[in-house]
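Here is a short briefing to keep beside you while you look at the chain. Please open the structure and follow along.

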Amino acid sequence: MGCCQSKVTLSHPARDPGTCDLQQEVTPKQDGGDDTFDSVEAVGLEPLSALPIEDSKSWSPSDHHGFTKRCSAKCRKGALDEEILDVERTVRTCWQEIEEQCRTCSGEQGEVPSQVQAGWQVVRVFVSSTFADFHSEREALVKKVFPELHEWCKGRQLHLVECDLRWGVPKDSTSQTTISICLEELERCLKETDGQPFFLAMLGERYGWIPSIQDVSEEIREKYSWVDHLSITHMEIVRGAVRSNNPSAAFFLRDPDFLKDLPQDQLANFVDTVELNTQQQKELKSYLRTKFRSQVYSYKCKVGSVTESEVHLSGLGKFCKQAVKFLKTAIGRRYPESRGNMSVRDQAALPHTTFMEQKGRFLTGRDAEMQRVVKFALSHWASEPHKDVCKVNDQSDVSGEVPDVDEPPVLFGASLEPVSRDRSLMVVLGESGTGKSLFMARCAMEIRKKTKNFLYHFVGCCPESLDVNNILLRLRGHMEIEQCDIAGEFGDFKRLKLQRKPSNYLNKCPLNESRLVILIDAINHISDSKTPAHLEWLPPELPGNVRCIVSTSIDPATLRKLRERQPPPCEMKLLDLDQQARRNIATTYFKEYNKILDDEQLDLLTSSTGAGNPVWLAMACEELRVFGDFSRLTEKIKSLPDSMEGLMHTCITRVVREDDTGCVEKMLCLIECSQLGLQEPELQLLLGDPETATPLPALTWGQVLRSLRRFLRNTAGYQNLPVLGFFHHSISKVVQKSLIRTPAVRQSYHNVLTAYYQGQCAVQQLVARKLPYQLQKTGMNSKLVAFVQKDPRSLYMTTVDRQKYINGVRCSNKIPIEELGLRAAIVLCKMCATKNKAFIPSKELNKDVCVICGQRTTAKSLNQQVHFCALHDPPDTEGKDWCISCEQSGRKVTTSSRAHLCVQCSSNSLENTCAKLLV
């Protein structure tokens, strides 16, 4: 099993469960330093016993707890017969004991497996192998296999935890500690699965460290039924699979053909030469092929890059696919989709519960703030109107009663006057990226423990969560006012009617029953956030038996709406985490994955200025978790940038470098060059082949999305259509600086998006929203004007957008008032005036619309007349009028035929501005 490095002590040296040397004589160097031992050099594939004594040299394989030993005299030249006899007898004795344990275990079985409960469960996958020779496979598991399984498990309400102890054992551990940590984690998996854990073993040409008889205490022997002369890896396989004939165990046997391409100095890390080890490994593989025929998988690989410290193997695609398929089957067999019938209401709550469970389980800091929110939600302050609701960021003890009336009241900003507080609404504030969602998820988990009358809603956890009506439908369904289809679609009339009802059905909440608690995270991201009606659905007064807790960033529009309420709500701003909270979060996170940072590493991580931000700390922990080289872990922690942007750069650079689809970088750049994000179907098509309308294959898309999931969030797009965007503004900066870099690269992505919206996108509303933006960014002014004025799809544009884009390509020269009469009269000739579709693709006559944006203009004042500056004055008009539609001059016409602008295109900064479009 993969474990961390450790120092060696003479009395009980810590050994590597992945090292494979025969445990015989030990001859430490007497130099006062770390123990080192003489041993033989691995040469080719010859058994150690066949090597002449003069060829025996020192070698030091680097494995989990890399250790070397000197073989006994039996392994030397002249002792071949005796060695073979002893090895054969030892191997035979080991397997006889294993078979006896299997019979005993079989006789003890027969108990009815524990019933799998509905709701969220933890699923652990135990990974067993030697380490140095399986570094590439473990990296593939962590970065390819387990991310896919995480997504799949979330759909079944399962938390997947991979038990990969690559650096799960602390430094300075004794041999007994090393053995205990490895087997205790396996024991934990055994107990959770009735003795049949999800187990994945990988075997090559190394057998692993065989603890000596002295290394194994009586306690370990009795507790784990220890078998002498087995390696740790072999013992894990016996304990986790062989004894119970475990159907949830898979064994991956690597084809040794790649060894011929290995450099000689690396061969010792991949091949055993000690006779006992090679014989045990041979028997183990043979046994597994016989007993677990359908659960043994063979795979090939190739030698990729080679450095002084590491060999990287490539061609592991088949290995990853086999692992994913087997684990999905095994997990699905124990946790079927039908394990819990869910109501419509519970199905609607599932993505919110998933978000809460995923985000809230690691936040162990900010206890005082969390208790304050819980106390606000559940205490009976409504019956004590003379007392203040909350004291913002008060660090005093919150375990007592409600603050007395003479305590300082809550203040807003620089206000010096006490303000009465709304005792029904609390607002949690924080800058972008300060961990508001993590905090709200943790609060929701605590409140849920104390009351069932609780509705939590996390905006952005799924596409439909962005819609205001989804919140209201879930609220009505929770209160069971009437049967309603929560997942159904509602027309505009029903939506409007629904939004008028919240106060009506909230008032039906009986005061004599348990309090209704409503928690809404990221209320500033809901679909109405950019509209004048923002938050109007939230009743101006909440009943006394209702508590509502919302979170928001420092968003001016949202804060203004909330603070305009009378009385204003209670506010609590999230500050940086203190040192203890940082340590608790990091320790809890790594403990979940059976990993431990030593004190120095923990101090380095939590003393960073960025660690005060929970989002930074969570991202840093995740980055360290997938870092496989424990020997360089301290160096890795030191290299983590303090800033959010710097850390995002580190994370994104790694993800792009490890991407083998070629789509991760492209997807990031497409989102950056889009207007506020892209829909999933759009991204699939853009990453596939837009010209043939062939989307990216589903499997590849899933892999790309899993790689980038932690950088993205669902946001509300045009007409409430959900889109994927960056969850933090620093990601946008990183993509601009590190991936796009030059104007030419940016232009290329805008061209791709322009071509898609112009010729491939079938949703006219999206085309109307997105294409003008892309045409503007690519500098295609003539196509932009043609689209707005001629393309029927532009009718879906808002008037504000039409005016913004068209005036954006308009000449900015001002015409002095005294020169207005000197310019040619810009008119519509009689023929053009009675036609339509010159300035907007509608049935409106040209004479009745603004010649810039196409808006209907009924009132036509003098300051709305069209003029050109001296630079764009029509040539050779000689006092004749000039038609702006057919661009011809003719005889003088009446002023009623003058071309006009709308009020918006002729007032304020656009007053007396040249009306020439620069195309």
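**A pocket and its surroundings**

Helix α2 gives the largest share of the lining of the second largest pocket, with eight residues. Please bear in mind that this is a predicted model, so let's look at the confidence too, since low-pLDDT coordinates should not be read in detail.

**The second largest pocket**
- The space in this pocket comes to about 1,100 Å³.
- It is lined by 38 residues, and those closest to the pocket centre are Ala140, Lys143, Lys144, Glu658 and Asp660.
- Two or more lining residues come from each of α2 (135–154), β7 (311–314), α8 (317–334), α19 (633–639), α20 (644–658) and α23 (698–708).
- Sorted by class, the lining holds 18 charged, eleven polar and nine nonpolar residues.

**Ser136 in helix α2**
- Helix α2 also contains Ser136.
- Ser136 counts as buried because its relative accessibility is 4%, under the 20% cut-off.
- Beyond its neighbours within four places in sequence, Ser136 is in contact with Val311, His312, Leu313 and Leu316.

**Confidence along the chain**
- The chain has a mean pLDDT of 77, with 76% of its residues at 70 or more.

Technical notes: Residues are numbered from 1 along each chain as its sequence is written. This is a predicted model: local features need pLDDT of at least 70, side-chain atom pairs count only at pLDDT 80 or more; totals for chains, interfaces and linings use all residues. Side-chain values use heavy atoms; hydrogens and water are left out. On a 1 Å grid over the protein atoms alone, a cavity is a set of points where a 1.4 Å probe fits but cannot get out, and a pocket is an open set with protein on both sides within 12 Å along at least five of seven lines; lining residues have an atom within 4 Å of a point. Grid points are joined across faces, edges and corners, and a volume is the space filled by probe spheres set on the points. Helices (H or I, at least four residues) and strands (E, at least two) are DSSP runs, numbered from the N terminus. Ala, Val, Leu, Ile, Met, Phe, Trp, Tyr, Cys and Pro count as nonpolar, Asp, Glu, Lys and Arg as charged, and the others, Gly among them, as polar. pLDDT is the predictor's confidence in each residue, from 0 to 100. Buried means under 20% relative accessible area, exposed over 50%, partly exposed in between (1.4 Å probe, protein chains only). Contact means heavy atoms within 4.5 Å.
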